[in-house]
Amino acid sequence: MGIVTPGFSGRPRVEAPELPPGQYLTPDFPVLSAGPTPRVERDAWEFVITTETGAEHRWSWAQMMALPQETPTVDIHCVTRWSKLGTSWQGVSLDTLLDEVETAADYALAHSYGGYSTNLPLDDLRDGRAWLVHTYDGEELPAEHGGPARLLVPHLYFWKSAKWVRGIRLSLDDTPGFWETAGYHDYGDPWREQRYQGD
Amino acid sequence: MRWQPARLVARRAETPTAQTLVLDVPGWSAHLPGQHVDLRLTAPDGYQAARSYSLAAPADGDRIEVTVQRVPDGEVSPFLTDTYREGDPVEVRGPIGGWFVWRPQQTDPVLLVAGGSGVVPLMAMIRARRAAGSRVPFRLIYSVRTPADVFYAAELRDRVRADAGLDVAYVYTREAPEGWRGEPHRLGLADVNNHGWPPELDPLVYVCGPTGFVETVSDLLVGLGHPARRVRTERFGPTG
Ligand SMILES: Cc1cc2nc3c(=O)[nH]c(=O)nc-3n(C[C@H](O)[C@H](O)[C@H](O)COP(=O)(O)OP(=O)(O)OC[C@H]3O[C@@H](n4cnc5c(N)ncnc54)[C@H](O)[C@@H]3O)c2cc1C
């Protein structure tokens, strides 16, 4: 327990076992990003997975949409402490995309239109735990939430779910991304409160 | 990064709804303007709530300052502005954030655009510029509802006179002061155009405020030709 501040009682808390430590529920969908919102046309959009040997696998918008689609309903947790339960999305499982890719890499660096990047262990993108999503709550994903397409990796803090994602670079070494270089945790497990470096 | 014990040593009213809190944090490390701290409150039954607050000024030894705007119905901010007393403990963690920062060695012209309490980290930059004796040209465009909502009003007036190369322009959204030219309005293209730097000067731009404000302003800036990579934003939360 921390140091008690006299007079503070907090708000009657909602019992929610789905809520990781230090998080609170929000009904809205706050927007957090480091710069202006990039606008990317679907016609010009592409998604590229580059392996550690430099081999490239590309999908146009139409090719991505032609792949098997999934509709995950998941809880999301932002490092700024809001959580939102039962959000519904549509997109392509990373398993489907990675199926076509030959690799021995352990790490992935997702990078975005606009220059954002974030690192993840490649295993965290597998086994039905990550998606490339283009639809939120039945509607086209709005640009401020990362449209036309973003990553969705709900078991990690939401900054790992790169908005405006453009591709993934696979490699044998871990390279910290944008927020990780700015002091945030390399992995970002909400259940272990891995917010900042050293947590 | 660990939680450090801190204590309130002084408070100053900025506006009827905002207070600057001066905290003593023994062993505080240095920080850069633009960084924030997480502040944690613990109730007697162990319940905890933590929120982020921008550092408002360069550290003075172990003393740091934050400025908190009371959010109606908020859990933490009304406690900090109305109930939290001098001498009482709290926990602090930081400094946090290495992107939305200004370093006094930087020489590019700087445009600061603030909405409401979003002025806090930008004021930290203005104060750090002064402390470092930097002569880098700074412009602040500050959007507030009414003249009574201006944070740091007296100091900003003084700085504009004393700090060569610092300009401040206000935009009032609800009620303008006597003698102000123009009608109250939300910050728009003309304001950014008139009071900002043209993109040819390649300024570094820092935008901070409620989410909707930051979204609008950064779109305007990109529309005017500022490269997105030169525009840094900090979003304080829900639209206000
Ligand atoms: C990096 C960062 C820096 C920040 N710096 C500052 C600062 O310098 N000064 C400051 O006053 N605040 C700052 N904030 C916002 C602050 O962290 C809290 O969100 C704010 O004080 C509200 O907390 P609360 O517990 O009172 O309200 P909550 O109980 O969290 O929320 C109550 C209601 O208010 C809404 N709400 C929450 N936050 C805001 C907001 N910022 N504006 C409008 N409505 C809101 C919620 O949606 C909810 O409906 C910062 C936030 C971030 C992420």
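How many salt bridges does the rule count over all chains? The total is 23, where a salt bridge is a side-chain nitrogen of Lys or Arg within 4 Å of a carboxyl oxygen of Asp or Glu.

1. **Ground rules.** This is a predicted model, in which local features need pLDDT of at least 70, side-chain atom pairs count only at pLDDT 80 or more, and totals for chains, interfaces and linings use all residues. Residues are numbered from 1 along each chain as its sequence is written, chains are lettered from A and ligands numbered from 1 in the order in which they are written, and side-chain values use heavy atoms, with hydrogens and water left out.

2. **A salt bridge within chain B.** Asp82(B) and Arg70(B) form a salt bridge through their side chains, at 2.9 Å from N to O. Asp82(B) belongs to helix H1 (residues 77-83) of chain B, while Arg70(B) sits in the loop between strand E5 (63-69) and H1 of chain B, so the pair ties together parts that are twelve residues apart in sequence. Helices (H or I, at least four residues) and strands (E, at least two) are DSSP runs, numbered from the N terminus. The loop between E5 and H1 of chain B also holds Asp73(B), and this Asp73(B) has a positive phi of about 70° although it is not a glycine.

3. **The antiparallel sheet of chain B.** Six strands make an open sheet in the order E4-E3-E6-E1-E2-E5 (chain B), with antiparallel pairing; two strands pair if DSSP finds at least two bridges between them. Strand E4 (48-54) and E5 of chain B are at the edges with a single partner strand each, so one side of each is left without a neighbour in the sheet. From one strand to the next, the twist averages 40°, with axes fitted as lines to C-alpha atoms (for helices over the stretch in contact) and angles running from 0 to 180 degrees between N-to-C directions. Within this sheet, strand E1 (residues 4-15) and strand E2 (residues 18-24) of chain B pair in the antiparallel sense over seven bridges, and Arg7(B) stands opposite Asp24(B) in E2(B).

4. **The parallel sheet of chain B.** Here five strands form an open sheet, ordered E9-E8-E7-E10-E11 (chain B), and the pairing is parallel. Strand E9 (166-172) and strand E11 (231-235) of chain B are the edge strands, each pairing on one side only. The twist averages 15° from one strand to the next. Strand E7 (residues 110-115) and strand E8 (residues 138-144) of chain B are joined by six bridges, and Val113(B) has Ile141(B) in E8(B) as its bridge partner.

5. **Helices on that sheet.** Helix H2 (residues 119-131) of chain B packs on the sheet and touches E7, E8, E9 and strand E10 (204-209) of chain B, its direction making about 155° with that of E8(B). Contact here means heavy atoms within 4.5 Å. Helix H3 (residues 153-162) of chain B lies across E8 and E9 of chain B, at about 140° to E9(B).

6. **The interface.** Chain A contributes 33 residues to the contact and chain B 43 residues. About 3,100 Å² is buried between chain A and chain B, with carbon and sulfur atoms giving 57%; buried area is the accessible area (1.4 Å probe) that two parts lose on being put together, summed over both. In chain A, Ile3(A), Phe8(A) and Pro36(A) lose the most area to chain B, together 22% of what that side buries.

7. **Charges across the interface.** Three salt bridges are found across the interface of chain A and chain B. Arg81(A) forms a salt bridge with Asp38(B), with the closest N and O atoms 3.3 Å apart.

8. **Arg39(A).** Where is Arg39(A) in chain A? Arg39(A) lies in the loop between strand E1 (24-25) and strand E2 (46-50) of chain A. Not counting residues up to four places away in sequence, Arg39(A) touches Ala143(A), Glu215(B) and Asp219(B).

9. **Cis peptide bonds.** The bond from Gly147(A) to Pro148(A) is cis, with omega near 15°, and Pro148(A) is in the loop between strand E9 (139-140) and strand E10 (150-152) of chain A. The bond from Gly94(B) to Pro95(B) is also cis, with omega near 0°; Pro95(B) is in strand E6 (residues 89-96) of chain B.
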